[in-house]
Amino acid sequence: MPCLSSFLLPAFRSPSCRLLRRPVAMIHSSSSTSHLSDHLLPQNRMENVNQAIDYHHRTKHSLTTGYARGPGRLDWANQPNPFLRFLPSPSFPLLHPSSPSIPLHYPSLFESLPSPPSPLSLSSLSSLLYYSLSLSAWKTIGYSTWSLRVNPSSGNLHPTECHILSPPIPDSPYNNSPFISHYAPKEHSLEVRAIPPSNSTLPIPSDSLLLVLSSIFWREAWKYGERALRYCNHDVGHAIAALVISAGALGWDAKLLDSFSHSELESFLDIPKTYPPIPNPLPTKPVRGNLPWVESQYPDCALLIFPANTQPNVDYSSLRNYLKQFSSLDWIGKPNSLSKDHVCWDVIYRTSEAIKKPIDDNHFSVKPFHKSRLISEKLYKDISVHEVVRKRRSAVDMDRVHVMDQQTFYQILLHCLPSGEVGPNEKQGENFAMPFRVLDWDAEVHLALFVHRVKGLEKGLYILVRNENHLDDLRKAFRAEFEWAQPDKCPVGLPLYRLAKGDCQNLAKQLSCIQDIAADGCFSLGMVARFERVLREKGAWMYPRLFWETGIIGQVLYLEAHAVGISATGIGCYFDDAVHEVLGLEGTEFQSLYHFTVGGPVVDKRIMSLPAYPGPELDA
């Protein structure tokens with residue numbers, strides 16, 4: 001039987017081990033991947049795939065070559081403004097929703113969506129954004145004050161922006177025409193950017209919304225340097241899940257409109273006319289200076305929000321024809337400057353070009369809703385969905401004391417499954433359950449779990465196989481000595497396997513950049529994705545989407561932790577290939593893309609909490 005102590009990496013055994021930032025000239029090769037076919041995609045698209053893989057290798061934190069390239073120190077004078085505004089766009093405030101008269105108990109959202117769905121109105125649009133992307137509190141200590149949001153973000157830097165194409169809304173200032181707006185979370189308001197012509201028919205249902213999420217890489221790169229592209233896409237996943245959960249509470253469903261190309265989404269946001277163009281050629285090394293183009297938005301994805309249990313008629317051809325007129329619209333407002341000076345981390349922009357989504361001719365469809373298995377409602381606190389999402393916080397430290405009940409642990413993992421409840425001859429894999437049903441692809445991400453403090457469950461290394469079609473590949477890729485044994489009292493239909501027994505607190509800490517928080521909770525985990533074959537079969541545009549999937553899983557873990565009365569936090573800093581060595585992974589068939597920890601939080605009582613917005617409801 002394998003013992004976890006045997007997996008302690010040699011580099012960790014030396015107490016004098018020092019980690020440095022990687023030298024600027026360090027570039028990684030993808031030569032280890034040559035065994036996979038290079039004929040699955042056209043040559044130019046294979047070059048894009050190679051660029052994505054090279055970026056991934058280059059931005060790994062390493063025990064031997066140090067951390068990925070970053071600024072080294074924080075330039076506080078040029079910290080990016082977290083709030084984008086388009087002045088002088090007309091803005092109208094959204095309502096601050098009061099608590100529903102009949103609270104929706106958090107776990108019920110995974111069983112069925114409320115019926116009938118709320119009608120589309122200014123109130124319901126306000127609720128959608130208030131419980132997904134708005135401010136959740138202000139924090140202050142000494143002379144420092146900062147805001148928190150409902151959607152989490154790496155370093156609380158919030159690169160994600162949201163734009164909305166809405167049909168006419170009767171009780172809004174735009175009750176006779178559709179409008180395009182940008183959501184301003186600081187004020188919880190909409191900035192109207194453009195009004196489509198009244199003589200053109202809006203090609204989405206009148207009870208639906210089209211949302212586009214975009215990223216400002218500079219906000220993350222200011223702190224994290226080259227690795228920032230990863231973190232931006234984690235945050236896109238968090239935002240997608242936050243919107244899906246908020247929409248679900250209204251009785252609405254959500255689905256990616258993933259047949260749009262990147263250039264079409266650029267037209268939706270009027271990017272070419274709003275921002276200076278990216279220089280061609282790009283710099284060949286990091287460059288510092290006044291570089292306004294670094295603040296440009298990068299369109300990530302479009303989502304359709306619509307009443308649940310319906311099949312909206314979405315015609316991509318009509319949508320594309322509608323988008324063609326956007327270049328001639330009278331766009332209002334210019335983006336505010338976020339920083340005086342910038343650093344261009346050239347590899348981020350080179351890779352962002354390579355991973356742009358091409359156009360495709362897939363049809364829009366909505367999969368049937370599958371409920372997730374509920375062991376018992378009593379495992380959760382008596383708390384509503386709305387309370388959970390607004391009170392979610394990222395833990396800074398774990399208490400090393402809280403012990404999780406075994407059934408609670410299993411319940412959290414059941415809500416991480418993509419297919420929900422499946423029949424005896426069915427497998428996990430397709431995205432039918434909340435909130436994963438928003439995705440257009442089958443699950444690609446699995447959870448390698450380090451169990452520390454779960455009552456009734458042996459400490460050790462486990463794996464949750466979220467797509468059972470990958471089980472054989474995982475067993476072949478992982479260490480041969482792993483057990484692959486289902487733990488005691490594991491619920492039927494939960495594909496959880498124990499790989500090795502033993503205390504893995506030190507191991508988890510070491511893998512997550514020597515951070516105590518990975519060892520001091522109830523469990524921590526690494527999200528391991530099927531990687532290179534996905535990119536070579538589908539294209540480089542799947543690279544960010546794998547991170548979106550991890551972000552969605554992370555959002556579920558956040559909400560589950562708070563709903564059972566504890567906390568969680570994402571961990572973006574980990575030693576990539578050290579994780580792979582522990583698991584026995586070689587090459588790039590599977591890669592670890594995100595880490596997470598769940599446990600009892602340590603609350604810093606020096607920090608004062610203030611309400612997000614003025615008003616009678618104190619939700620800080």
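## The Arg-498 and Glu-458 salt bridge

Arg-498 and Glu-458 form a salt bridge, with 3.7 Å between their closest N and O atoms; the term stands for a side-chain nitrogen of Lys or Arg within 4 Å of a carboxyl oxygen of Asp or Glu. The pair links distant parts of the chain, 40 residues apart: Arg-498 sits in strand S18 (residues 496-501), and Glu-458 in the loop between strand S16 (454-455) and strand S17 (460-464). Helices (H or I, at least four residues) and strands (E, at least two) are DSSP runs, numbered from the N terminus. Arg-498 is buried at a relative accessible area of 11%, while Glu-458 is partly exposed at 40%. Here buried means under 20% relative accessible area, exposed over 50%, and partly exposed in between (1.4 Å probe, protein chains only).

Please keep in mind that this is a predicted model, in which local features need pLDDT of at least 70 and side-chain atom pairs count only at pLDDT 80 or more, while totals for chains, interfaces and linings use all residues. Residues are numbered from 1 along each chain as its sequence is written, and side-chain values use heavy atoms, leaving out hydrogens and water.

## Other salt bridges

Arg-498 and Glu-458 also belong to a network of salt bridges that links them with Glu-483 and Lys-501. The whole structure holds 30 salt bridges.

One of them joins Asp-440 and Lys-255 (3.4 Å, N to O). These two residues lie 185 residues apart, Asp-440 in the loop between helix H11 (406-414) and strand S15 (445-451), Lys-255 in strand S9 (residues 252-256). Lys-255 is buried, with a relative accessible area of 3%, whereas Asp-440 is partly exposed, with 39%.

## The six-stranded sheet

S18 also takes part in an open sheet of six strands with antiparallel pairing, in the order S18-S17-S15-S19-S21-S20. S18 and strand S20 (567-571) stand at the edges with a single partner strand each, so one side of each has no neighbour in the sheet. On average, neighbouring strands are turned by 25° against each other, direction ignored.

S17 and S18 pair in the antiparallel sense over five bridges; pairing requires at least two DSSP bridges between two strands. Lys-501 in S18 has Gly-460 opposite it.

## A mostly covered helix

Elsewhere, helix H3 (residues 122-130) has eight of its nine residues buried. Among them are Leu-122, Leu-125, Leu-128, Leu-129 and Tyr-130.

Conventions
Axes fitted to C-alpha atoms, helices over the stretch in contact; angles between N-to-C directions.
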